[in-house]
Amino acid sequence: MRVAREAGALPGGERVVAIGSFDGVHLGHRRVLEAARATGGRAAVVTFWPHPRLVLGNRVELLSTLERRLELLEDAGMDETLVVEFTPGLAAREPEEFADSLLREIGARTIVVGEDFRFGRAAAGDPALLERLGFDVRVVPTVAGVSSTQIRALLREGDVVEAAKLLGRPAEIEGTVVLGSQRGGTLGFPTANLSVPTDVLVPAYGIYAGTALGHRAAISIGVNPHYGGDERRIEPHLLDFEGDLYGRRLVVELWRRLRDERAFDSEDELVAQIARDVDATRNAERPV
């Protein structure tokens, strides 16, 4: 998939354009992407970074980094993605100016959006306006019960199984492996310590079963209460893995939440529970 940061970096010609933030690329988003591909034309995405709500002063915990969003858009079969820098100036543009300066410039012939899509100053632009401006507009109905907001709520509760149903894939947590306490290795269960971007949602604290790098993984999210910790850590233990992960980007799938994190009466009791968590991880089923 070709990725461009400026409209002029895309090759000339007409294209079918799906527009949206596509945070998480959930089932509803994928319906929009599928509709764009089904037209048979060159299928492009126009997406925004940073997230518009952040730029407009609202708090939002993202379901995916931009890097992961682009990977998911490519997995969905899109030919091109234009990443538009979202700024207060862009938000203040009149809808007609937005359409002329961006959509016409990239040769948008058909535009595919969700039915709640709005754009331009004061969110005054909508699909009907795009039609009046001469675009062939395809409006994709909202998938009932599926939204980034609902997925965020489920993940904050640790319900990764229900979140997966709305995403159409397992929920994920993504970060870079950094140096940790290295305590897991001394217990016989070495872990990778993930540094996660501050604007990305981290699910509820607890122990999860999942996978990373093609290996089953038992994942601890929390503060390590057994050792009196107070700093949040995300620590996957990759089963049957040997190698150096420092500095590596990991995308960790969360298949199900096994239990709450807690302190134990002894280190032996902790090790025995980790062993049970590993067994449960080996037996866990991918939610979708």
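A nonpolar core is a set of buried Ala, Val, Leu, Ile, Met, Phe, Trp, Tyr and Cys residues joined through side-chain atoms within 4.5 Å. Buried means under 20% relative accessible area, exposed over 50%, and partly exposed in between, with a 1.4 Å probe and protein chains only. The model is predicted: local features need pLDDT of at least 70, side-chain atom pairs count only at pLDDT 80 or more, and totals for chains, interfaces and linings use all residues. Residues are numbered from 1 along each chain as its sequence is written, and side-chain values use heavy atoms, with hydrogens and water left out.

**First stop: the nonpolar cores**

Select Leu155, Ile173, Ile219, Ile234 and Val252. Of the 31 residues in the largest nonpolar core, these five touch the most other members. Next, colour the helices and strands, which are DSSP runs numbered from the N terminus (helices: H or I, at least four residues; strands: E, at least two). At least two residues of this core come from each of helix 7 (148-156), helix 8, strand 7, strand 9 (206-212), strand 10 (215-222), strand 11 (233-238) and strand 12 (249-259). Helix 8 gives the largest share, four residues.

Now centre the view on Leu155. Leaving aside residues up to four places away in sequence, Leu155 touches Leu63, Val160, Ala163, Ala171, Leu201, Pro203 and Ala204, where contact means heavy atoms within 4.5 Å. A second, separate core has 27 residues, including Val84, Ala99, Phe117 and Leu130. In soluble globular proteins, nonpolar side chains tend to be buried together.

**Second stop: the aromatic rings**

Rings of Phe, Tyr and Trp (its six-membered ring) pair if their centres lie within 6.5 Å; planes under 30 degrees apart count as stacked, over 60 as edge-to-face and the rest as tilted. The whole structure holds four aromatic pairs by this search. Select Phe98 and Phe119, a tilted pair with 5.4 Å centre to centre and 45 degrees between the planes. This pair links distant parts of the chain, 21 residues apart: Phe98 belongs to helix 5 (residues 95-103), and Phe119 to the loop between strand 5 (108-114) and helix 6 (127-132). Phe98 is buried at 4% relative accessible area, and Phe119 is buried at 6%.

Phe117 and Phe119 are stacked, at 5.5 Å centre to centre and 15 degrees between the planes. Phe117 is also buried, with 10% relative accessibility. To complete the view, show Phe48 and Phe86, which form one aromatic cluster with Phe98, Phe117 and Phe119.

Which residue in strand 3 stands opposite Ile19? It is Val46. Strand 2 (residues 15-19) and strand 3 run parallel and are joined by four bridges.

Select Arg169, in the loop between helix 8 (160-167) and strand 7 (171-178). Arg169 counts as buried at 11% relative accessibility. The side chain of Arg169 reaches the backbone oxygen of Gly24 at 2.5 Å, a polar contact (a pair of N or O atoms within 3.5 Å; within protein, one must be able to donate a hydrogen and the other to accept it, and residues adjacent in sequence count only if both atoms are side-chain atoms).

Move to Pro50, in the loop between strand 3 (43-49) and helix 2 (52-55). The peptide bond from Trp49 to Pro50 is cis, with omega near 0 degrees.

Finally, select Ala122, which has a positive phi of about 55 degrees although it is not a glycine. Ala122 is exposed, with a relative accessible area of 74%.

Technical notes:
Two strands pair if DSSP finds at least two bridges between them.
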